[in-house]
Amino acid sequence: MKALRIHGKRDLRVEELPAPALAPGMVLLRGGFTGVCGTDLHLYVEPESYPADFSRAATLTGARWPQILGHEFSGEVTEIGSGVTNVKPGDRVAVFPYHHCGQCLACSAGHPTDCEHMAFEGMQGQSGGMAQCKLVDAELCFALPDEVDLALGALVEPMAVAWHGVGVADVHPGDSVLVLGGGPIGIGVYFALRAQGIETIIVSEPLAERRAALERLGIDHIVNPLVQNLQEEVFRLTGAHGVTATIDAAGAPHAFVEGMQCLAVGGRMVTIALYREPIPLTRPLLAAGRSIRSSAVYSRTDFREVIGAMRDGRITLDGDWVRFVDFADVASAIEDLHSGATMKVLVRTPALDGVPLRAEK
Ligand SMILES: [Zn+2]
Ligand SMILES: [Zn+2]
């Protein structure tokens, strides 16, 4: 089978590998799509700065590099191992790629999303999305309903990152929310907020190409923070109260500070983004009960809810915010991401020779 493996820094190879063998409790997947995100960019451009040593076997999975790339993926079940009851051949599934130990201090305290031994399929896993045939633990497979195709299925993971962040924000109908960053995660946050009944959603995005996609999605309040005064816009749209929550999907320290300044009394800043630079936090930003919460990864409940939202048409590919590429183009798509390309990238899985894939909707 063909697979795309990462061997090290800026070293991605399309390779011919033996197809994996089925084992008890496991399933084989073929086809589907794989999302490329900022984490893949990080792994590709500077794996040495990632908080894991990829040359060593990961504690939870035993995996080390080279690694089949892609932690955001879907596929069709072709075979199931003994003992598997949650999926069957022919099912289309999204894969929950996150492993946690259940025993470390964070896990024991009820924070499995901050597990100190965390590992992901596609980073330190038995498989990753970019292979013609994928061996995956059945427990990680979430069957997709008929309404959700395999392209959307590959977006369950990043949409769950956004969905989890909105859960951390704890917002309710009638609240207003500012979203920093209109990239794929910011778009996911918008979908999740809409699904929770939030009507006043303001998205701040400096890049014109991204703002155009936000407009195509029908988002009412889009701010270009380079030419508009974000705080003025927010206070104008919220009757001078400020927003109940700001959700940061951008990761720029100056935007973080502006986002804090837009909070209403008692409002919360939720950080989904990662920050490469320190944030200049001052006491007044936290005055009057304003607080900061962080959101990482997602739970199985988030996965289920995202799939439900996709089934109900609340998360869609409308608005042309996704582009599709083939295995051979992944390295250049990642380089594009590095130089500021703005669309979500989904990688098609090539069909296995002689085995046609079921027609996609
Ligand atoms: Zn990702
Ligand atoms: Zn743990």
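User: How are the donor residues of the zinc ion (ligand 2) spaced in sequence?
Analyst: They follow the pattern C-x2-C-x2-C-x7-C. This is a predicted model, where local features need pLDDT of at least 70, side-chain atom pairs count only at pLDDT 80 or more, and totals for chains, interfaces and linings use all residues. Residues are numbered from 1 along each chain as its sequence is written, chains are lettered from A and ligands numbered from 1 in the order in which they are written, and side-chain values use heavy atoms, with hydrogens and water left out.
User: Which atoms coordinate the zinc ion (ligand 2)?
Analyst: The SG atoms of Cys101, Cys104, Cys107 and Cys115 do, at 2.3 to 2.4 Å, where donors are N, O and S atoms within 2.8 Å of the metal (3.2 Å for Na, K and Ca).
User: Switching topic, what domains is the protein divided into?
Analyst: Domain 1 covers 2-155 + 317-348 and domain 2 covers 162-294, with bounds that come from an automatic or database domain assignment. Their C-alpha centres lie 29 Å apart, and the contact (heavy atoms within 4.5 Å) takes 11 residues from domain 1 and 11 residues from domain 2.
User: How many salt bridges are there between domain 1 and domain 2?
Analyst: The count is 1 salt bridge, meaning a side-chain nitrogen of Lys or Arg within 4 Å of a carboxyl oxygen of Asp or Glu.
User: And which residue forms a salt bridge with Arg276?
Analyst: Glu46 does, and the closest N and O atoms of that pair are 2.9 Å apart.
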